[in-house]
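Hi everyone, thanks for coming. Please bring up the sequence and the model on your screens, and we'll walk through them together.

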Amino acid sequence: MVQRAAMLKPIHRVACSPALAACQQLMRRFALWLCDPQVSGASVTQANLQANMGSAIEGDWLWQLLAGSTGTKALLDKAKRIADLPPADKTGLTQWIQSVSTLAQHFGPTPPAALPVDPPNGWGARDQRWTAFGDVMKAFYEEGLRGGLPYAANGAPTADAALRVSYDQFVREFRAAHRLDPHPDAREVCVLCGGPLVQPAVDHWLAKTAFPLLAVCADNLLPICGECNSSQNKGQNPAHTSGAFEDWFHPYLRHANGAIRLRYDEATFSVHVESATTADKDKVVNLDKLLKLHLRWTREFKAEYRRLQREAQCRYRGDVHALQQRVMGYRQSLSAAEPHHEIHTLLAEALLDPARLRAFAE
Ligand SMILES: [Zn+2]
């Protein structure tokens, strides 16, 4: 019994994605500018940001982000600390920034050297120089995207607050673009697990703690269900092997749609997650490990099985023919626009097995 899983559901960029891409360019420009040997802490002024961040609009927005933060955040102080680093540290950080910027090439025909999974310059994860850099980069997401980026949906800089792309707009557009049933009352489906999209949260496919430069990046952000995003599943866990991506799918850059097959295993009463081709075998194993899909899909399979079993016991006891009609009707009523469609289809196929059907009607 094999069911081809649509999972990952098709995932695409949305209308405002160019604004996220423009923000990624701004983050990179700013990070590299701070590492310029000519730039020191004293250089981090509103006038210099206006002159060096692409446009006065972007410079002013960034200045507000830095200077508007107070208390433990004190982002301006942290940016100055980076700008005041000795040249050797700046060289190491520059190399780190340039390496992380190659992300998309890792999914092309000639992947570059693995992304750095550790901070540069031998800094520990809690080194204050590293956390200062990380806090400044993550602020583009936490405060910047929440309040609105200095870009309109098409990526053009704008000072018009009404046009600036925000977190809420991104989530709204992503959900609208990935609705499988456009009816406003219809359930939404999580693009990763195919289950209901409850408590959606924006996931950083590459965690922003390890890759703060990608805190805002069109290739790195996607709303997923709360269970996929929980720490025992995707959470902050790595979707790479020591910075290499050859054995990994990626929601935007190497999609898994159609690559995964589900198989019901009679002996263990469980759902197995398998690859449609040998070329994708390791990728499917890694994705399953990351999201615990076989466990979660087995749980749904059993729960739906139990629901139908209860119905069979009260209404179709001893009547295999009527039960068969019921299960065939069930299979026909399933919709690909509903959560868990693949699991329920797999279940219907399993139940239509004559031996199973007889046992079910007892
Ligand atoms: Zn999910």
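Let's start with V136: is this residue buried or exposed? V136 has 27 C-beta neighbours inside 10 Å, so it counts as buried. You'll find V136 in helix α6. Please keep in mind as we go that this is a predicted model.

What does V136 touch, once we set aside residues up to four places away in sequence? The answer is L75, K78, A79 and I82.

An α-helix has 3.6 residues a turn, so residues three or four places apart point the same way.

Let me zoom out for a moment. The protein has 12 helices and 5 strands. Its C-alpha atoms fill a box of roughly 85 × 40 × 35 Å, taken along the principal axes. Of the 362 residues in the protein, 37% are buried. And if you take the contacts with a separation of 6 or more, 69% of them are between residues 24 or more positions apart.

Here's a stop in a loop. Q105 lies between α5, residues 87–100, and α6. With 13 C-beta neighbours inside 10 Å, Q105 counts as partly exposed. Leaving out residues up to four places away in sequence, Q105 touches P111 and P112. Please also find L253, which is 148 residues from Q105 along the chain, with 9.3 Å between their C-alpha atoms.

Two packed helices are described by the angle between their axes and the distance between the axes. Take α9, residues 293–315, and α11, residues 341–351: they pack at an angle of about 55°, with their axes 10 Å apart. The two helices are therefore oblique to each other. The crossing of α9 past α11 is right-handed. On the α9 side, the contact uses W297, E300, F301, E304, Y305 and L308, and these meet I343, H344, L346, L347 and L351 of α11. By class, that contact has 8 nonpolar, 1 polar and 2 charged residues.

Stay with α11, and bring in α10 as its other partner for today. How do α10 and α11 pack? Their angle is about 160°, and their axes are 9 Å apart. That makes α10 roughly antiparallel to α11. In this pair, α10 passes α11 in a left-handed crossing. V327, Y330 and R331 are the α10 residues in the contact, and T345, A348 and L351 are those from α11. Sorted by class, we have 4 nonpolar, 1 polar and 1 charged residues.

Let's pick R331 out of that group. R331 lies in α10, which runs over residues 320–333. R331 has 15 C-beta neighbours inside 10 Å, so it counts as partly exposed. Neighbours within four places in sequence aside, R331 is in contact with T345 and A348. R331 is also 15 residues from L346 in sequence, and 9.3 Å from it in space, C-alpha to C-alpha.

Last, two residues with backbone angles worth a look. H340 is found in the loop between α10 and α11. Its phi is near 60°, a positive value in a residue other than glycine. H340 has 23 C-beta neighbours inside 10 Å, so it counts as buried.

The other one is S242, in the loop between β3, residues 221–224, and β4, residues 260–265. S242 has a positive phi too, of about 50°, although it is not a glycine. Is S242 buried or exposed? With 10 C-beta neighbours inside 10 Å, S242 counts as exposed.

That's my tour, and I'm happy to take questions!

Methods: Residues numbered from 1 in each chain as written. Predicted model: local features only at pLDDT ≥ 70, side-chain atom pairs only at ≥ 80, totals over all residues. Axes fitted to C-alpha atoms, helices over the stretch in contact; angles between N-to-C directions. Helix = DSSP H or I, 4+ residues; strand = E, 2+ residues; numbered from the N terminus. Parallel < 35°, antiparallel > 145°, perpendicular 65-115°, else oblique. Left-handed = near helix turned anticlockwise from the far one by under 90°. Contact = placed C-beta atoms within 7 Å. Nonpolar A, V, L, I, M, F, W, Y, C, P; charged D, E, K, R; others polar. Buried ≥ 20, exposed ≤ 12 C-beta atoms within 10 Å, placed from the backbone.
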